[in-house]
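These are my notebook entries on a structure that I had not examined before. I record what I looked up, entry by entry.

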Amino acid sequence: MKKERVRGRKPQSLGSRIFDVVNYLLLAAVGFVMFYPMFYVFIVSISSAEYINQGAISFFPRGINFEAYKRVFDTESIWTGYKNTFLYTIVGTAVNVALTAMCAYPLSRKDFYGKKPLTVFITLTMFVSGGMIPLYLVVNGLHIMDTMWAVILPSAISTYNMIVMRTSFSAIPDSLVESAHLDGANDVHIFFKIVLPLSKPILATMVLFYAVTHWNSYFPALLYLNDQSKYPVQVIMRNIIIDGDMAQAGDMSGMLNVVATNYKYAIIIISVIPILLIYPFLQKYFTKGVMIGAVKG
Amino acid sequence: MKTLKRKQKQTHVPMTGKQRWKQIQKNKFLWVLMILPVLYYAIFCYGPMYGVLISFKDYKIAKGVWGSPWVGFKWFEKFLMDPYFWKLVRNTLLLNIYGLIFGFPIPIILALMLNEVTHSKFKRVIQTVSYLPHFISTVVVCGMLTNFLSMDGLINQILSFFGLEKVLFLMYPQYFRTIFTASGIWQSCGWTSIIYLASLTAVDQEIVEAAMIDGANRWQRIRNVTLPAIVPTISTMLIMQVGKLMTLGYEKIILLYNGSTYETADTIATYVYRRGILNADYSYSTAVGLFQSVVGVILLVTANKLSKKISETGLW
């Protein structure tokens with residue numbers, strides 16, 4: 001704000017104006033590079049096969065139609081994938097948020113006996129880990145292989161998120177907890193009736209953090225699931241979009257408007273839409289989360 | 001307050017078992033809350049650390065970790081003697097160093113550029129589009145890459161528009177590092193710039209004004225006032241990056257590489273995945289993974305020490 005005032009007082013020099021022009025142009029170019037790939041995928045997904053095969057699409061869709069989307073909706077494996085992804089995202093996020101809050105709250109209380117050793121016990125895992133194979137063997141040993149729990153439990157708490165949450169909990173004034181204590185409230189009451197209701201913003205942030213991670217994750221499923229009917233949509237997408245497995249898409253030879261390319265791009269757009277819908281919230285909460293983590297982590 | 005004082009007194013005298021039990025009783029509910037999280041960390045974080053023992057054993061699932069016979073450093077020797085070892089180390093380091101050299105400065109530059117923008121709507125639009133790739137899944141990013149880089153994909157369309165020859169980029173090892181690094185920057189530069197932008201807002205505007213009155217131009221102000229003010233943030237970020245040097249991005253590599261690009265694309269982590277998960281060479285792949293983590297920890301500790309010496313900021 002101050003800057004603007006100063007600038008308003010004094011006419012800008014030529015050098016400063018050139019600087020601004022170059023800066024704005026470069027940033028516009030950055031914006032274009034960031035935006036164009038997604039935009040291109042979108043316009044190809046609604047264009048017709050004829051123009052796609054000619055490679056004639058650059059900034060506008062041509063021969064607009066939605067048949068590729070229809071084809072995607074008719075693909076059974078995609079539906080199964082989404083069903084699984086929804087399940088893993090909802091159950092996984094619930095487990096994540098509950099366990100993270102359960103872990104963060106005691107560690108945020110100054111009078112919690114055992115706080116120090118437990119903090120060391122937990123933060124140590126941020127720097128040292130057993131690695132991919134020993135974890136795989138642990139999951140195998142628990143006999144949860146090829147079930148939903150294999151995807152959810154090994155990443156039940158993100159220590160980084162837990163620290164963000166602990167920081168937020170410890171910002172609740174001690175006087176509030178103490179006066180509740182004096183009124184005869186026990187810790188159970190304080191946690192559920194005072195701390196959690198006061199922490200709605202951070203809880204919302206955590207829900208978003210974890211939900212996006214589940215929605216986008218493919219590697220745990222690749223490691224721990226063998227049964228195709230349990231694959232989340234990201235694994236199904238990998239098979240179709242990256243490995244080019246078009247067997248599930250059915251015969252396309254008779255179709256005028258659909259080819260492998262716009263079929264694949266339609267799949268991409270469908271998977272990104274939920275993220276775009278919650279993006280305004282994401283931007284608001286995530287940036288806050290990043291700041292808390294960066295400053296106090 | 002009362003509880004705090006009592007606790008302070010007790011730190012001088014070692015507690016008896018009874019007193020300890022009393023303390024735990026007082027925070028009973030907090031301990032109940034901690035049960036599941038502690039179990040989680042014990043099973044899924046410390047369990048695998050115990051499992052690392054199999055890298056010194058000839059692990060058989062039926063015999064378990066403890067029951068399998070010891071073999072000493074057999075697997076480490078095997079890995080270090082393998083001529084493929086050097087290729088893996090080279091690829092892991094190069095991919096990460098490329099990411100560091102090109103990927104590290106760009107968010108800083110982006111943040112500095114955004115910081116100079118006074119038109120707030122323009123600034124917001126650029127921020128919004130540049131954060132977005134962070135939320136797009138690895139599978140989608142790699143899906144776009146494989147399709148854009150295919151024979152009749154976007155990139156080859158552009159090349160042939162300019163009369164250049166089409167290339168199947170993902171089939172040639174010489175392109176892999178560029179593809180991997182460039183797409184990584186696309187995914188993360190906007191998002192990482194948030195942290196620098198945050199520390200830029202903390203720069204004292206009075207110093208900037210003073211520099212202006214002294215006749216410093218925009219460029220000089222950025223170089224001599226703004227940039228030095230965010231050096232602590234930069235060095236903290238740098239240590240974290242160096243600490244991650246050995247672990248970066250194998251999920252993305254697994255989606256992008258193939259037999260014909262192993263030459264430059266195969267890294268220690270992807271090799272662990274293939275040997276361990278696909279071939280079930282558990283002991284050997286655990287040893288390879290352990291080698292990687294040990295090098296990673298050494299890098300992190302060294303980077304932290306260096307940073308403390310040079311700029312007096314560190315992670316711990």
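The entries below go from the interface to single residues.

**Entry 1. Ground rules.**
I note that this is a predicted model, in which local features need pLDDT of at least 70 and side-chain atom pairs count only at pLDDT 80 or more, while totals for chains, interfaces and linings use all residues. Residues are numbered from 1 along each chain as its sequence is written, chains are lettered from A and ligands numbered from 1 in the order in which they are written, and side-chain values use heavy atoms, with hydrogens and water left out.

**Entry 2. The interface.**
I looked up contacts between the chains, where contact means heavy atoms within 4.5 Å. I found 94 residues of chain A in contact with 91 residues of chain B. The area buried between chain A and chain B is about 8600 Å², and carbon and sulfur atoms give 74% of it. Buried area here is the accessible area (1.4 Å probe) that two parts lose on being put together, summed over both. Within chain A, the residues that lose the most area to chain B are A:Leu27, A:Met34 and A:Tyr113, together 10% of what that side buries.

A:Asp20 and B:Arg218 meet in a salt bridge through their side chains, at 2.8 Å from N to O. Across the interface of chain A and chain B I also noted 18 residue pairs in polar contact, both residues at pLDDT 80 or more. A polar contact is a pair of N or O atoms within 3.5 Å; within protein, one must be able to donate a hydrogen and the other to accept it, and residues adjacent in sequence count only if both atoms are side-chain atoms.

Helix H2 (residues 14–45) of chain A gives the most to the side of chain A that touches chain B, with 18 residues. Helices (H or I, at least four residues) are DSSP runs, numbered from the N terminus. By class, that side of chain A has 65 nonpolar, 17 polar and 12 charged residues. Ala, Val, Leu, Ile, Met, Phe, Trp, Tyr, Cys and Pro count as nonpolar, Asp, Glu, Lys and Arg as charged, and the others, Gly among them, as polar.

**Entry 3. Cysteines.**
B:Cys45 is buried at 15% relative accessible area; buried means under 20%, exposed over 50% and partly exposed in between (1.4 Å probe, protein chains only). B:Cys142 is buried at 0%.

B:Ser55 lies in the loop between helix H3 (28–51) and helix H4 (64–67) of chain B and is buried, at 0% relative accessibility. I traced its side chain to the backbone oxygen of B:Val52, at 2.7 Å. Not counting residues up to four places away in sequence, B:Ser55 touches residues including B:Trp75, B:Phe76 and B:Thr286.

B:Asn156 belongs to helix H10 (residues 154–161) of chain B and is likewise buried, with a relative accessible area of 0%. The side chain of B:Asn156 reaches the backbone oxygen of B:Val167 at 2.9 Å. Beyond its neighbours within four places in sequence, B:Asn156 is in contact with B:Phe148, B:Lys166 and B:Phe169, among others.

Which residues in helix H11 (residues 187–198) of chain A are buried? They are A:Asp187, A:Ile190, A:Phe191, A:Ile194, A:Val195 and A:Leu196. Their cover includes helix H5 (76–108) and helix H12 (200–216) of chain A, together with helix H2 (17–26) and H3 of chain B.

In the loop between helix H7 (132–141) and helix H8 (148–152) of chain A I found A:His143, which is exposed at 72% relative accessibility. A:His143 has a positive phi of about 55° although it is not a glycine. A:Asp146, in the loop between H7 and H8 of chain A, has a positive phi near 65° and is a residue other than glycine.

Notes:
A salt bridge is a side-chain nitrogen of Lys or Arg within 4 Å of a carboxyl oxygen of Asp or Glu. Helices (H or I, at least four residues) and strands (E, at least two) are DSSP runs, numbered from the N terminus.
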